[in-house]
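Dear colleague,

Please find below the structure that I am handing over to you. My notes on it follow directly after.

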Amino acid sequence: MNKEHSLNKKTDYTGSKQGMWMFLFTELLLFTGMFLLYSVFRSRYQQEFHAASSELSRTIGTLNTVILLTSSLTMALSVNAIRKDKNKISLIFQGLTVFFGLFFLANKFFEWSAKIHHGIYPNSPGLLAHGKGETMFYGLYYLMTGIHGLHVLAGIVLLLIMMVLTKKGSLNSDSFVRLENSGLYWHLVDVIWVYLFPVFYLIS
Amino acid sequence: MTGAQREMSFYESGNGHTGILSWVLSTDHKRIGLLYLFSMFSFFFVAVILGLLMRLELIAPGPSIMTAESYNAMFTVHGVIMIFLFIIPGIPAGLGNFMLPLQIGARDMAFPRINLMSWWFYMTGAIVIIVSLFTGGGPPDTGWTFYVPYSIRTGTNVTLAVFGVFLLGISSTLTGLNLVTTIHRLRAPGLKWFRMPLFVWSLYATGWVQILATPVLGITLLLLMMERLFGFGFFDPARGGDPLLFEHLFWIYSHPAVYIMILPAMGIVTEIIPVFARRTIFGYKAIAFSSLSIASVGYLVWGHHMFTSGMSDISRVIFSFLTFIVAVPSGIKVFNWIASMYKGSIKLSSPLLFTVSFIFLFSLGGLTGLIIGALATNIFVHGTYFIVAHFHYMMFGGTAFAFFAGIHYWFPKIFGKMYREKPAITSCIVLFAGFNVLYFPMFILGLEGMPRRYYDYLPRFHTGHLISTVGSWILAAGLMIMFYNLIRSIFIGEVAGSNPWGGSTLEWTTSSPPPHENFTEIPVVTEGPYRFRK
């Protein structure tokens, strides 16, 4: 398969980037469906959304926002480093990005666990007792942060692969489009969080 | 495939693997296209048999051969297979995959490995759907639209089937991404945008619809699965949700999806007409732009599936108006096709015969679509056989007939062999006759008030149902003749030259079947398509 592939053509840098941007667009549309649900339910249950939002921990939310934004910085720095032939530095920045990603997920884990501990999770008697609006709010909260979390996880796996490739030397200043595309993906996941944070944590 | 300098075709030149592995691990767009074609037609046959059994059940009032439960499962599985496993991947992933690089003078698609991956997603999705039929609570019985609340409450194996369709969605998105990038990046030197064959234009529009619509289906199906597994309640009014939201999300994808099905079909028709009328296409740019405008306006009409579901009058009027607008570019195409044939030296070979059948059936389907798109008449025929008839005129009479036309047209290129013309013509005539006998009575049944998806009916509908069932047998006979003729010719057909039809697009300049990387030398294009010598 590899032999056949290498025959095809030299790597098309612009083509790869274009394909990646279109893929990111599909990801965005996936989240658009959920944001659509959010806007419908928020306009229907304004009061309840405000009340439910005040029960989320703004501290953890803010902390996670800072973590993800920083991880985007380290991601960009790692691409920058590999362009300048500094593979080791790039590797360190990739590792840092992975670390921030895991840090984010750990926070999310504790946040979710605390809520679940209080009996607030989809279909739980505790949540249903809170009424329709809060059921929708927490439903969306678990759904959207959950799917976002899965995307962070996917990004981490992607970056771990990139680290192996960088170490092997197959990513370098001549061929770094795969790292750049992984970076684009990481930034997208970050941007989605930038929208998730206010719509869940800052509306009370 | 003639002469001493005949090149090794892609069937013969190896790719490091042998036997079945040389297919399922190949990144060659031609092999992947064939993988798609063969897997799709296998599923197509299963769904045809389900359809025949349904028609047989409806031959007379009262139970005939199956229970009401199995009837529900059958129309669901028939729909799921036909829509998601056959007609959506159909032309873009099958013929499109095979022909696109050949038509633009490229060696392969832009992302050969993603291309292979999309086939694997397709197969995995298909297997998951098949598994869902025999495990858990049995085959899903919700209809292919998976409408809530029933799809959340039914005990049948909806979760797994929906997961299968989700995987098919990923496959379709990847195909679209590949089509668009390939057209942007890999056109041969000199092949400017307005020199591209119109099939390529239609694939371009299709690719964008696949990219921009399929993710919405993804999230809709994901929500349905989550709903069944965790009970979020988004679609359950008792918990604050709203079932209408599901319908909106579903049709935001599924309406553009009908353009994934029909646009490439229109592209095939546009390829065939000039070749067999020996004239250049009439209104090249109009056809190219009408593909793009169908693709873009097609996003904004999903509400016409929900006229009776509960929407404000204003939105219904807007959706109805846009539905009429989207019919305009299709009309433009039909007139252009007819005008292209005018005063041409027409040779009515089997590809053109299928194409002309397409134009007739598609026009009938399109015009009845306007009856459904108008608010007043919609309320009268909504949920009746009229919808079923319209839908099959578009999807079977439209897309599938054009698909068959394309298979006949490109058969010599794909296999290097020629099929026998007489059985091909016969099969087309039998198919056309059987199709109309099968589906035309449904228009009348629908106007008389026969509801769709019903297992049983009042005696006064008997005649229509009986005629329709007889039509299904004629149609099946047509399919058998056609596939027998084609499959036989793969093995013992006469050798076809590289350009048996005298086509003028790039795929006819290379040998049949094409060599491993399509062209020995990348062609240079100096003029637009469809130029024929007098």
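Read along its sequence, chain A follows the pattern α-α-α-α-α-α-α-α, with eight helices and zero strands. Helices (H or I, at least four residues) and strands (E, at least two) are DSSP runs, numbered from the N terminus. The model is a predicted one, in which local features need pLDDT of at least 70 and side-chain atom pairs count only at pLDDT 80 or more, while totals for chains, interfaces and linings use all residues. Residues are numbered from 1 along each chain as its sequence is written, chains are lettered from A and ligands numbered from 1 in the order in which they are written, and side-chain values use heavy atoms, with hydrogens and water left out.

Chain A

The C-alpha trace of chain A spans about 60 × 30 × 25 Å along its principal axes. Of its 204 residues, 50% count as buried; buried means under 20% relative accessible area, exposed over 50%, and partly exposed in between (1.4 Å probe, protein chains only). Among the contacts in chain A with a separation of 6 or more, 83% are between residues 24 or more positions apart, where contact means heavy atoms within 4.5 Å. The accessible surface of chain A comes to about 9500 Å², and carbon and sulfur atoms account for 69% of it. Accessible areas come from the Shrake-Rupley method with a 1.4 Å probe; for residues, only the protein chains shown count as cover.

On that surface, Leu63(A), Ile92(A), Leu96(A), Phe99(A) and Phe103(A) make a nonpolar patch of about 450 Å². Patches are made of residues with over 30% relative accessible area and no salt bridge, like charges being joined within 9 Å and nonpolar side chains (Val, Leu, Ile, Met, Phe, Trp, Tyr) within 5 Å. Helix H5 (residues 87-117) of chain A gives the most to the nonpolar patch, with four residues. Leu96(A) is found in this helix and is partly exposed, with a relative accessible area of 33%.

Helix H5 of chain A also holds Glu111(A) and Lys108(A), which are three residues apart and so separated by about one helical turn. These two form a salt bridge, with the closest N and O atoms 3.0 Å apart; a salt bridge is a side-chain nitrogen of Lys or Arg within 4 Å of a carboxyl oxygen of Asp or Glu. Glu111(A) counts as buried at 5% relative accessibility, and Lys108(A) is buried with a relative accessible area of 5%. Elsewhere in the chain, Lys17(A), Arg83(A) and Glu180(A) are linked in a network of salt bridges.

The interface

Between the two chains, 46 residues of chain B are in contact with 38 residues of chain A. The area buried between them is about 3500 Å², of which carbon and sulfur atoms give 68%. Buried area here is the accessible area (1.4 Å probe) that two parts lose on being put together, summed over both. Phe232(B), Phe234(B) and Arg239(B) supply 17% of the area that chain B buries against chain A, more than any other three residues.

The rule finds two salt bridges across this interface. Asp242(B) and Arg44(A) meet through their side chains in a salt bridge (3.0 Å, N to O). Arg185(B) forms a salt bridge with Asp12(A), at 2.9 Å between the closest N and O atoms. Arg185(B) lies in helix H6 of chain B and Asp12(A) in the loop between helix H1 (2-8) and helix H2 (13-44) of chain A, so the pair joins two chains. Arg185(B) counts as partly exposed, at 32% relative accessibility.

Chain B

Arg195(B) is found in the loop between helix H6 (158-185) and helix H7 (198-230) of chain B. Neighbours within four places in sequence aside, Arg195(B) is in contact with Gly190(B), Tyr284(B), Val525(B), Thr526(B), Glu527(B), Gly528(B) and Pro529(B). In helix H7 of chain B is Thr206(B), which is buried, with a relative accessible area of 0%.

In helix H10 (residues 313-341) of chain B, Asp313(B) and Arg316(B) are three residues apart, about one helical turn. Their side chains meet in a salt bridge (3.1 Å, N to O), and Arg316(B) counts as buried at 15% relative accessibility. Over all chains, the count comes to nine salt bridges.

With kind regards
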